[in-house]
Amino acid sequence: MLILFLNSIYNLNPAVMKKLNRITIVGIFLFIASLAFSQSPKKYCEAGEKFEKAGSLTEALDSYSKAIAMDSTYAKAYGLRALCHEKLGKNTEAIADYVKGARFNPNDKTLFYNCGKLLVELKRLEEADQMFRKALQIDGTYVEAIAAEIKVLHQLKNFDYGLNVTQYGINSKMSAVNYYNHAVMHDSLNHLNEAEKYYNSAKEQDSKFMPAYIALAIVNLKQNKADEAMKNCEIVLAKFPNNMDALYARSLVNAAKKNLQNAVNDITRVILSDTTNARALKQRAAFYEQMMQPTSAITDYAQAIKLNGNDLDA
């Protein structure tokens, strides 16, 4: 169309051409060029975002694809298309786009983080770990990435690196949650004194943060500090009588203090709240064994096996 228009100008007779001064002709050329090249990757992305807001995901996806077709290195378009793929439930395609976007903009932490989240959903934990690490290399205070990486590292049992990640969290903000996460990593590595220290720090930061009391009670038990463990359980249960984690912990403390009937009473409350809790059934079976009640122990072990197959450690 542009060529036809230009030909029409050149085919004008000389008299008409004289009436068109140089400025006018330049103006026409600029106008035609602006029409011919009015669309750009950025504008396609803007159009795609409008389609998304209107709920037209297929049209949005098409707009982002056109942006990429115009500029295959446009990282933003890959990121937007990845998010659109997510909304359409196409996680594999979304991951591919996040990876491409990160290749062209390796300083965009959200591309790595979003990719990591999807990899977790697909149980590709080692790959997710790498993505979260890259996000944290860009920003060591990236709260969402820290939290996500901690969960992945727990599943991978990579507690040594977990100490580094949770220290990032503390450096970012000295909050109860960050101290607690750091303590959990020490706890998992059996660094009991360090775990105790950081669980206490979590309590000091927020006296209402109950998970720190419960976890500290378990550490106290490992340190043969049953009385301190009991105090921490009672603090939680005084405020939340039906806190199942606290009841479970107190059952262990009661058993350590040779109050086996009280231990059974506490663990039974946990089981009644969730009859599919195989861990609690296995624990009650162990208490029954100590109480010389083999029939009850066998019944609970059998139920635990039924729930978890033959893996009583699950």
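**A helix pair in close-up**

A: H13 and H14 make a left-handed crossing (left-handed if the near helix is turned anticlockwise from the far one by less than a right angle, right-handed if clockwise). This is a predicted model, in which local features need pLDDT of at least 70 and side-chain atom pairs count only at pLDDT 80 or more, while totals for chains, interfaces and linings use all residues. Residues are numbered from 1 along each chain as its sequence is written, and side-chain values use heavy atoms, with hydrogens and water left out.

The axes of H13 and H14 come within 9 Å and cross at roughly 155°. Axes here are lines fitted to C-alpha atoms, for helices over the stretch in contact, with angles from 0 to 180 degrees between N-to-C directions. The two helices are therefore roughly antiparallel (over 145 degrees; under 35 is roughly parallel, 65 to 115 roughly perpendicular, the rest oblique).

H13 spans residues 192–205. Its 14 residues reach 20 Å from first C-alpha to last, close to the 20 Å expected at 1.5 Å a residue (1.5 Å times one less than the number of residues). Helices (H or I, at least four residues) and strands (E, at least two) are DSSP runs, numbered from the N terminus.

Which residues of H13 are buried? They are Leu-192, Ala-195, Glu-196, Tyr-198, Tyr-199, Ser-201, Ala-202 and Lys-203. Buried means under 20% relative accessible area, exposed over 50%, partly exposed in between (1.4 Å probe, protein chains only). Their cover includes H11 (159–172), H12 (176–188), H14 and H15.

From H13 come Leu-192, Ala-195, Glu-196, Tyr-199, Asn-200, Ala-202 and Lys-203. They meet Ala-212, Tyr-213, Ala-215, Leu-216, Val-219, Asn-220 and Lys-222 in H14. Contact means heavy atoms within 4.5 Å.

The chain has 19 helices and zero strands. Of its 314 residues, 42% count as buried.
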